[in-house]
Amino acid sequence: MRSTGVHHVDLVVSSIQRSLSFYSELLGPLGFNRVSEVEGERGETIWYLAGPGTAVGLRESQSESGAYDRYRVGLHHLAFEAPSRAAVDERAAWLRTQGIELESEPQEYTYIPGYYAVFFYDPDGLKLEIVHVPGLTAA
């Protein structure tokens, strides 16, 4: 039986080509290996990267609303689950090779016991996280 949870999240990006490449390479090692496309409500193409139990949709911006600010109404950050601390470290190493700005190096946080994460920014400045919490990783 499939558990309930977040089915998908759609992100609006400034360059679909740049972001599709970034997210595919970032999330592939975390199991987001299926890519599909659907037509959005305005006729735009939405690219979905499907992973374990959820998907991330990418669609190109259709308006000029200014730079992203995670403290405005909207998304503050998006966290992706990793199967191990080593996977968090590996993805952080990959981010460094890509010149991606890390907000913090991989480390333990006091949110819950064993919470180990790296925080960083996507090419549009969206704050992202890759996290491992022992015992919470889906089978």
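Predicted model: local features only at pLDDT ≥ 70, side-chain atom pairs only at ≥ 80, totals over all residues.
In which sense do strand 3 and strand 4 pair, and over how many bridges? They pair in the antiparallel sense, over four bridges, where two strands count as paired if DSSP finds at least two bridges between them, and where strands (E, at least two residues) and helices (H or I, at least four residues) are DSSP runs numbered from the N terminus.

Residues are numbered from 1 along each chain as its sequence is written, and side-chain values use heavy atoms, with hydrogens and water left out.

Let me stay with strands 3 and 4 for a moment. Leu-49 stands opposite Val-56 in strand 4, and in the hairpin that these strands form, with four residues between them, Gly-53 takes a positive phi near 85°.

On to strand 2, which pairs with strand 3 (residues 45-50) in the antiparallel sense over six bridges. Here Ser-36 stands opposite Tyr-48 in strand 3, while Arg-34 has Ala-50 as its bridge partner in strand 3. The hairpin of strand 2 and strand 3 has five residues between the strands, and in it Gly-43 takes a positive phi near 85°.

Taken as a whole, the sheet is open, with four strands in the order 1-4-3-2 and mixed pairing. Its edge strands, each pairing on one side only, are strand 1 (8-13) and strand 2 (34-39), and the twist averages 25° from one strand to the next.

Now the helices. Helix 1 lies across strand 1, strand 3 and strand 4 (55-60), and runs at about 165° to strand 4; axes here are lines fitted to C-alpha atoms, for helices over the stretch in contact, and angles run from 0 to 180 degrees between N-to-C directions. Helix 1 (residues 16-27) also packs with helix 2 (residues 85-97), at an angle of about 150° and with the axes 10 Å apart. That angle makes helix 1 roughly antiparallel to helix 2, a term that applies to angles over 145 degrees.

Which residues of helix 1 meet helix 2? They are Phe-22, Glu-25 and Leu-26, which meet Arg-91, Trp-94 and Leu-95 in helix 2, contact meaning heavy atoms within 4.5 Å.

Definitions and conventions:
Parallel < 35°, antiparallel > 145°, perpendicular 65-115°, else oblique.
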